[in-house]
Amino acid sequence: SSGINAEYGRNEEKNVGVLNRLYLQSYYEEQKKKKRPPLHTLSTAAEVRKWIPHIKGEINFCLHHLSGVRNYPEYKINEFKDRLEYVKKEYRKWVNRVLELDPDYIGTPGDHHAYISKRKREELLTEKHERMKQK
């Protein structure tokens, strides 16, 4: 009788594993369907900042395929170069949009930065505002 229970447990485990794989597969397919919204539809800096890592991921993808020893045909290399140029322009647009929506943002959106104390942040902001007035 103990052999039947042990076998039943393994089958149940297998079924849970199959269900988990199906769930993960549908989850990844949903994630792939999520596309970056048009820039003009986003109205806050936080919404725009949320998508910048996605753009940086595309840049890294193109760079990865262009670097190293690959046996790609010439047309494929040109496709990656064109895509890289397009994505770099997109990145600049999105960063500029963040800086438009949040002019007090210090640094480049999407990049890691060190901690800035309140006093230092205020100094940097006053310098930034003074430079803006001079232009």
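This is a predicted model: local features need pLDDT of at least 70, side-chain atom pairs count only at pLDDT 80 or more; totals for chains, interfaces and linings use all residues.
Biologist: Where does I116 lie?

Modeller: Helices are DSSP runs of H or I with at least four residues, strands are runs of E with at least two, and both are numbered from the N terminus. By that numbering, the place of I116 is the loop between α3 and α4.

Biologist: Which residues does I116 touch, apart from those up to four places away in sequence?

Modeller: Contact means heavy atoms within 4.5 Å. The C-alpha atoms of I116 and I106 are separated by 9.5 Å, with the two residues 10 apart along the chain. When residues up to four places away in sequence are not counted, I116 touches I106, R121 and L124.

Biologist: How many salt bridges does the structure hold?

Modeller: Side chains of opposite charge can pair when their charged atoms come close. A salt bridge is counted when a side-chain nitrogen of Lys or Arg is within 4 Å of a carboxyl oxygen of Asp or Glu. For this structure, the number of salt bridges is 6.

Biologist: Which residues are linked with E58 in a network of salt bridges?

Modeller: E58 is buried, with a relative accessible area of 17%. In the network of salt bridges, E58 is linked with R36 and R83.

Biologist: How many residues apart in sequence are the parts joined by R49 and D102?

Modeller: R49 and D102 form a salt bridge, their closest N and O atoms being 3.7 Å apart. R49 is partly exposed at 27%, and D102 is partly exposed at 23%. R49 lies in helix α2, while D102 lies in the loop between α3 (74–101) and α4 (118–134), so the separation in residues is 53.

Biologist: What is the relative accessibility of E100, the salt-bridge partner of R97?

Modeller: The closest N and O atoms of R97 and E100 are 3.3 Å apart. The two residues are 3 apart in helix α3, about one helical turn. R97 counts as partly exposed at 22%, whereas E100 counts as exposed at 56%.

Biologist: Which residues is W94 in contact with, leaving aside its neighbours within four places in sequence?

Modeller: W94 has its place in helix α3 and counts as buried at 1% relative accessibility. Its C-alpha atom is separated by 8.9 Å from that of P109, 15 residues apart along the chain. Leaving aside neighbours within four places in sequence, the contacts of W94 are R36, P37, L39, L42, V48, W51, I52 and I55.

Biologist: What accessible area do Y23, L24, Y27 and Y28 have together?

Modeller: Patches are made of residues with over 30% relative accessible area and no salt bridge, like charges being joined within 9 Å and nonpolar side chains (Val, Leu, Ile, Met, Phe, Trp, Tyr) within 5 Å. Accessible areas come from the Shrake-Rupley method with a 1.4 Å probe, and for residues only the protein chains shown count as cover. Y23 lies in helix α1 and is exposed at 51%. Together, the four residues form a nonpolar surface patch with an accessible area of about 430 Å².

Notes: Residues are numbered from 1 along each chain as its sequence is written. Side-chain values use heavy atoms; hydrogens and water are left out. Buried means under 20% relative accessible area, exposed over 50%, partly exposed in between (1.4 Å probe, protein chains only).
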